[in-house]
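Here are my notes from going through this model with you in mind. Keep the structure open and click on each residue as you read.

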Amino acid sequence: MATTQLTASSISGNGFASFEGLRSTCIVKAVSFAPLKHNNSRSFSRLVVKAATTVAPKYTTLKPLGDRVLVKIKTTEEKTVGGILLPVTAQSKPNGGEVVAVGEGHSAGKIKVDISVKTGAQVIYSKYAGTEVEFDGSKHLILKEDDIVGILETDDVKDLQPLNDRVLIKVAEAEEKTAGGLLLTEAAKEKPSIGTIIAVGPGPLDEEGNRKPLSVSPGNTVLYSKYAGSEFKGADGSDYITLRVSDVMAVLS
């Protein structure tokens, strides 16, 4: 991915959003160019940008506030398991990293609750969560504790320890044949919304700061909302998904 230093005066032309007020300390990353239909049916290029705030070297510490945590983003894999170099377009953005600082916590009713993850924990977080910052020469993410999906101390997602009201589900394999016995192609196989719960979080906090146990347990086969959660590929090639228990619609038996 190309990274370009941009200022308000360096972008011009019709059809682009205004960058007035963009600070010089922001790095704007050009993600992609794509055709966009205008009202008069003409096509022109749309610039999609993502800004990452750069913290000046004179600042040596970054202390999150409230229920926020600071995560050092895991480095993107540049090679396959077999050692083959991946092009930039094939390198998947990691959704995990190490917790390097935590806030003072938040209030649940009249009770003050500490952050449930500790410094040094390896965590997985929601794909579009938080604000990316360049700090101390590395990429970091500031996000709310509730955006952390779980703790993962190994390289296999099946070992994930979900947090709060989240659950980890092993997705059932797609049907290989139709009801009439015809083999389905990969493209025709419908993605299932059924799976087996592998692990559950401790539950959400009530107004008194106590955990409310979840209504599902490991081993339950469940039906869940089709477009919910975050998907992962296990070391054994199996598909997994993490989602909130509110996205689980039914227990099957």
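Predicted model: local features only at pLDDT ≥ 70, side-chain atom pairs only at ≥ 80, totals over all residues.

1. Let's start with arginine 244.

2. Arginine 244 is in strand E17, while aspartate 146 lies in the loop between E10 and E11. They are 98 residues apart, so this is a pair that links distant parts of the chain. As a bit of background, side chains of opposite charge can pair when their charged atoms come close.

3. How many salt bridges does the structure hold? There are five. One of them joins lysine 233 and aspartate 239 through their side chains, again with 2.7 Å between N and O. Here lysine 233 is exposed, at 55% relative accessibility, whereas aspartate 239 is partly exposed, at 36%. Some salt bridges share partners, and in this way Asp146, Asp165 and Arg244 are joined into one network.

4. One more charged pair deserves a click: aspartate 159 and lysine 158 form a salt bridge, their closest N and O atoms being 3.4 Å apart. Both partners are partly exposed: aspartate 159 has a relative accessible area of 33%, and lysine 158 comes in at 39%.

5. Back to E17, for a residue of another kind. Threonine 242 has its place in this strand, which covers residues 239-244. Is threonine 242 buried or exposed? Threonine 242 counts as buried, because its relative accessibility is 3% and the limit for buried is under 20%. Leaving aside residues up to four places away in sequence, threonine 242 touches Val149, Leu160, Val167, Leu168, Gly229, Ser230 and Phe232.

6. Zoom out and you'll find E17 inside a sheet. Six strands make up this open sheet, in the order E16-E17-E13-E14-E15-E18, and the pairing is antiparallel. At the edges are strand E16 (230-233) and strand E18 (248-252), each of which pairs on one side only. On average, neighbouring strands of the sheet are turned by 40 degrees against each other, direction ignored. In general, strands of a sheet pair through backbone hydrogen bonds.

7. Pick leucine 223 and you can find its bridge partner in E18, which is alanine 250.

8. What about the greasy inside? The largest nonpolar core has 16 residues, and Val69, Val71, Val117, Val123, Leu143 and Ile148 are those with the most contacts inside it. At least two residues of this core come from each of strand E4 (68-73), strand E5 (96-102), strand E8 (122-125), strand E10 (138-144) and strand E11 (148-151). E4 gives the largest share, three residues.

9. Valine 69 shows what such packing looks like. Among the residues valine 69 touches, not counting those up to four places away in sequence, are Pro64, Ala101, Ile115, Val117, Leu141, Leu143 and Ile148. There is also a second, separate core of 13 residues, which includes Ile169, Ile197, Val245 and Val248.

10. Two loop residues have backbone angles worth checking. Aspartate 136 has a phi near 55 degrees, a positive value in a residue other than glycine. You'll find aspartate 136 in the loop between strand E9 (131-135) and E10. Asparagine 164 also has a positive phi, about 55 degrees, although it is not a glycine. Asparagine 164 sits in the loop between strand E12 (161-162) and strand E13 (166-171).

11. Finally, the overall picture. The protein has zero helices and 18 strands. Of its 253 residues, 32% count as buried. Among contacts with a separation of 6 or more, 59% are between residues 24 or more positions apart. The accessible surface comes to about 16100 Å², and 53% of that belongs to carbon and sulfur atoms.

Definitions and conventions. Residues numbered from 1 in each chain as written. Heavy atoms only, no water. Pairing = 2+ DSSP bridges. Helix = DSSP H or I, 4+ residues; strand = E, 2+ residues; numbered from the N terminus. Axes fitted to C-alpha atoms, helices over the stretch in contact; angles between N-to-C directions. Core = buried A, V, L, I, M, F, W, Y, C linked by side-chain atoms within 4.5 Å. Buried < 20%, exposed > 50% of the residue type's maximum accessible area, 1.4 Å probe, protein only. Contact = heavy atoms within 4.5 Å. Areas by Shrake-Rupley, 256 points an atom, 1.4 Å probe, with all protein chains shown as cover. Salt bridge = Lys/Arg side-chain N within 4 Å of Asp/Glu carboxyl O.
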